[in-house]
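Work through the exercises below with the sequence and the model open. Each task sentence is followed by its solution in steps.

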Amino acid sequence: MQDSSALAVGRHDKIAARRISNTRNYLGRGFLVFASLMLAAVLLVQILHADGRISAGFADWRPVLYAYLLWSVALGAEQVMARGQRGLRALFLLPAVLFTVAVVIFPTLFGFYIASLDWNLSSLEGPHFNGLSNLIALFQDDYYWSALGNMVFYTVAVLGEYAIAFGLALLLNSEIRARKFFRVVFLLPMMLSPVAVSWMIGKSLMEYRFGPAATLARALGWDNPAFFAHPWIARFSIEAMDAWVSIPFIMIILLAGLQAMPKEVLEAAKVDGANGWQSFRHVTFPIMLPVSITVLIIRIIFKLKLADIVINVTAGGPGGATDTVSSFIYRVYRDRSNVGYGTALAIFYLLLIVVFLMLLLRLTRRWMQKVV
Amino acid sequence: MTVLAPAPHRKRRTASRTKWAFGRVLIYTALAFWALICLFPIYWTVTTSFKSAVDVTQGHLIPWLDFKPDWKGFRSLGLSPDTILQTSTARAEFTSRFSNSVLTSVGASLLALVLGTLAAYGLSRFRYKFAWMRNDDILFFFMSQLILPPVVLALPFLVLYKALALLDTTFGLILLYTLTVLPIVIWIMRDQFNSIPIELDEAAFVDGLSVWGAFLRIVLPLAIPGMAAAFILSLVLCWNEYFFAALLTSTDAKTLPVMVASQTGSQGINWWSMAALSTAAIAPLVIVGIFLERYIVSGLTTGAGK
């Protein structure tokens, strides 16, 4: 792919090399300069207005958004007018880049700023700077650290989900009737909203008095089937629900990997006298390793965002035993309106995730299939 | 001797026969067991919406045999046959949340599809150099957005949206949802474009089409399967999103998951109405899952097994 695209690019460059007239060039540049000045002016007026220095200004910051949109259009026009063909090509990428910068990069940087503030939305005084004290408070917050500990448990549990999903993928890949029916049925849990699942399973099936799961547990000899009272049982119950929702995703990707596997290899193993377990252990599993590592990493990335089910079923209880970092921060904001501290917790978590995933990617690079 | 000879052979064959049959039984038992695990919660929710309190507490499971189904749950939402024509505040709220969900998820999926398709085509066909960033770096930049947990963005967005007067608006939510699905769209679409031979583009250039002409008239129609997969997958993800919606909406732009979540807390155990609400919330996706499963699978398995 890379080679052929290089070829096309070469041809494009010949077209691009046509001279662009000076007037067009200047017009494009001028347009961009004008739009930039306008964005800067709107921003300046609004900052001064918000600061109380000048009375003229807008009621809210929305004009800044419009000015940014105008600036984006001007940038696109400038690319085309001043750079011709190359500008036309840049136009494909530009909208997505400008969007992502506006919606991710800026808010994340802004988040670093908020994290250094003492800012409680419910108190009357506004935000004021308090440097690193949010960070210091974070290190003394036992609930936050216990939530981080829970994340370790939830992340390790991905391996269990993977084992079950692999089993299901093998089942679906074997010679069975009604394969399509089973595939659709096994996929269904993934489609359901975690919030609805929290009610369907967490709050009604696992209900202590007359939920069917509790009734079944009683019939099996567990006298006191409280799924959310004891810390470890609660953790496993939450994990079971999340597994129910997410196993289909792992299963479908493993199934695609199994179906892409060359049939000859397994037949050769059979000829050599390998039994089912041996051919799985020495043939299927090693061939599936790149797909497995890739799907595990994607799954871990999503697992690190786990929040909906915890918020809706246990709200972190009992005593923070099931809290994920996201659900804990959600409550810091919802119950205490503490924006500054909540953001500091979130940013710290982001840094931990980035370091963890970098290490993970470095360690597994050898086995991973090329995703990017 | 010659008569006896086939005996051990036949014995071995029946042995392998029983072993084979045993394996079959095992496989189908496992399949049926997992199908039960997948379907039972859905079955339970749907049937509970037709139960009265007594039927719930006594654990009745099978309609008509165990209990007499009644439109109880849907009546409380104003959606049962006898209440559908009357005015109902519960139904008004439900339809407003439902249409918010539809607007938000369709809007965000469309926006992500447009932005993502353009970017994916660019990344698949041309070589960019943006400061130190090459194509692979730019793609990694987009994909790395997946790592960002929603909590990191949620609070800054709360503050920003307040300043921009976008809090509790569908448009504000659409922007955020677009962001969460954009990496997935780019991933699927880039794979789709890579599978379309570049000779087609070149032939279009020879015919005198511009870059955009070739893209819009030749390549894009061929990429429709990938676009369908990306769109449906985004739709599912946006429909189910709860975290941002819970923090950034309050009255006007509230989506269905937020409504479901708020009902669990406030009403105590009003089982039939909760079950009816959950049924209504998952029904669109169950239908999508059954009829459009092909696209979801092809979207998810992009890049797997190569």
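**Exercise 1: a helix pair across the chains**

Helix H9 (residues 194–205) of chain A packs against helix H13 (residues 271–291) of chain B at an angle of about 145°, with the two axes 9 Å apart. Describe the crossing of H9(A) and H13(B) and the residues that make the contact.

The model is predicted: local features need pLDDT of at least 70, side-chain atom pairs count only at pLDDT 80 or more, and totals for chains, interfaces and linings use all residues. Residues are numbered from 1 along each chain as its sequence is written, while chains are lettered from A and ligands numbered from 1 in the order in which they are written.

Step 1. Helices (H or I, at least four residues) and strands (E, at least two) are DSSP runs, numbered from the N terminus. Axes are lines fitted to C-alpha atoms, for helices over the stretch in contact, and angles run from 0 to 180 degrees between N-to-C directions.

Step 2. Assign the hand. H9(A) passes H13(B) in a left-handed crossing (the near helix is turned anticlockwise from the far one by less than a right angle; clockwise would be right-handed).

Step 3. List the residues. H9(A) contributes A:Ala196, A:Trp199, A:Met200 and A:Ser204, and H13(B) contributes B:Trp271, B:Met274, B:Ser278, B:Ala281 and B:Ile282. Contact means that C-beta atoms, placed from the backbone, lie within 7 Å.

Step 4. Sort them by class. The contact of H9(A) with H13(B) has seven nonpolar, two polar and no charged residues (Ala, Val, Leu, Ile, Met, Phe, Trp, Tyr, Cys and Pro count as nonpolar, Asp, Glu, Lys and Arg as charged, and the others, Gly among them, as polar).

**Exercise 2: the chain interface**

How many residues of chain A are in contact with chain B, and which helix of chain A gives the most?

Step 1. In chain A, 82 residues are in contact with 85 residues of chain B.

Step 2. Helix H4 (residues 85–115) gives the most to the chain A side, with 16 residues.

Step 3. By class, that side of chain A has 58 nonpolar, 17 polar and seven charged residues.

**Exercise 3: domains**

How far apart do the C-alpha centres of domain 1 and domain 2 of chain A lie?

Step 1. Chain A is assigned domain 1 (2–115) and domain 2 (142–364), with bounds from an automatic or database domain assignment.

Step 2. The C-alpha centres of these two domains of chain A lie 41 Å apart.

Step 3. Four residues from domain 1 of chain A and five from domain 2 of chain A make the contact.

Step 4. For chain B, the division is domain 1 (1–38) and domain 2 (89–300), and 48 Å separate the centres, taken over C-alpha atoms.

**Exercise 4: positive phi in a loop**

Where in chain B does B:Ala165 lie, and is B:Ala165 buried or partly exposed?

Step 1. Most residues other than glycine have a negative phi.

Step 2. B:Ala165, not a glycine, has a positive phi of about 60°, and phi of B:Asp168 is near 60°.

Step 3. B:Ala165 lies in the loop between helix H6 (150–164) and helix H7 (170–194) of chain B. B:Asp168 is found in the loop between H6 and H7 of chain B.

Step 4. A residue is buried if 20 or more other C-beta atoms lie within 10 Å of its own, exposed if 12 or fewer, and partly exposed in between, with C-beta atoms placed from the backbone. B:Ala165 is partly exposed because 14 other C-beta atoms lie within 10 Å; B:Asp168, with 16, is partly exposed.

Terms used
Contact = placed C-beta atoms within 7 Å.
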